[in-house]
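Subject: Structure handover

Hello,

Here is the structure for your pocket work. My notes follow below.

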Amino acid sequence: MAKVKATVNGAVSLVNAIANKKGATLGISLKVEVVMETSKGKGITIQSENKSLSSRLINKTIEKIVSKKDLEKNKIAITLNSEIPTGYGLKSSSAISSAIALACAKIFKPKWTDKQILLAGVDASIESKVSITGAYDDACSCYYGGFNVTDNAKKKRIHFEKGPSNLIVVIFIPKNRKRGNLKNLKILSPVFENAWELAKKANYWDAMIINGLATATILNSDPKIITSLIEKGALGASVSGNGPSIAAVTKKENEASIKKIFSALEGNIIVSKINNKPLFVFHSLHIGGVSHLRLCTTLFLAFVYVFCFK
């Protein structure tokens, strides 16, 4: 049958999209790897060490791509490994849905475009109630890498470019996962609109700082943390997504100073590179229990033997 491995990276927020359905994100190097293997039979099995994983999101993503007829005659086994902490605003859901969508498409819908694959994951996120807006901004940075400024309502990338490779992202994962009321983000709708306009003009760091101060006020974080991070050399800093993680983008030389701010708080620190690479898939077909890759290698060696040594 078929076996596919898909790798998708996470992202951090520059502008939260909940208030206006307009967002901006930046890809990071923390990744999700999905191995999908099909065989004769029926049903979907999921193997992962992540116990908080949303099987509903995975199943809905598969249903968006694989026809009922194909689901009836294929057993789909999924193994998922993730470096991205789940439920902290680091786009783990978008990375997972994108990886599942990519693996499914490569096996069952090989002619699908990137946009079709991306939207399958976005729509599945809405229908499984994992995301309020569909997180099109999150999905774009997970899928393509780099900076992505999007109109989530129109499901359109407004501006995108690669991020600086000489910068790092220092991420704080608080022990306390408590967050404020997300609906209150709409109170500061004009503030988020201004931040988004800045991001659209590639003024990413000012957009991120404005977003950070606004979201921290509402989502149970201390805005003073954002100002302290900027004071210690962060170019931009913000609550990522709906929190509770906080991300600071900085030069490598300021890493220790940024970590010192976070070390005074209760939680863990992760350092990530900026990711500019699009998602990756390795496709290995199986024919009668023999992988296509192994079969091609065997045939090539046989060809060399026959024509070079005979």
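This is a predicted model. Over residues 285–310 the pLDDT is below 50. Beyond near neighbours in sequence, that stretch has 18 contacts in the model (contact: heavy atoms within 4.5 Å).

Two conventions. Residues are numbered from 1 along each chain as its sequence is written, and side-chain values use heavy atoms, with hydrogens and water left out. In this predicted model, local features need pLDDT of at least 70 and side-chain atom pairs count only at pLDDT 80 or more, while totals for chains, interfaces and linings use all residues.

Pockets

A pocket is an open set of points on a 1 Å grid over the protein atoms alone, where a 1.4 Å probe fits, with protein on both sides within 12 Å along at least five of seven lines. Lining residues have an atom within 4 Å of a point. A volume is the space filled by probe spheres set on the points, which are joined across faces, edges and corners.

The largest pocket holds about 550 Å³ of space. It has 28 lining residues, and G89, V130, S131, D138 and N242 are the closest to its centre. The lining divides into 10 nonpolar, 14 polar and four charged residues. Nonpolar covers Ala, Val, Leu, Ile, Met, Phe, Trp, Tyr, Cys and Pro; charged covers Asp, Glu, Lys and Arg; the others, Gly among them, are polar. β1 (2–15), α3 (92–108) and α5 (136–144) each supply at least two lining residues. The largest share, three residues, comes from α3. Helices (H or I, at least four residues) and strands (E, at least two) are DSSP runs, numbered from the N terminus.

The second largest pocket holds about 230 Å³. Its lining has 13 residues, with F172, P174, N176, N220 and S221 nearest the centre. They divide into six nonpolar, three polar and four charged.

Two residues

N9 sits in strand β1. N9 counts as buried because its relative accessibility is 10% (buried: under 20%, 1.4 Å probe, protein chains only). The N9 side chain reaches the backbone oxygen of S29 at 2.9 Å. A polar atom of that side chain lies 3.5 Å from the backbone oxygen of I28.

S54 is in the loop between β3 (43–48) and α1 (55–65). The C-alpha atoms of S54 and S93 are separated by 8.2 Å, 39 residues apart along the chain.

Best wishes

Key:
Buried means under 20% relative accessible area, exposed over 50%, partly exposed in between (1.4 Å probe, protein chains only). A polar contact is a pair of N or O atoms within 3.5 Å; within protein, one must be able to donate a hydrogen and the other to accept it, and residues adjacent in sequence count only if both atoms are side-chain atoms. pLDDT is the predictor's confidence in each residue, from 0 to 100.
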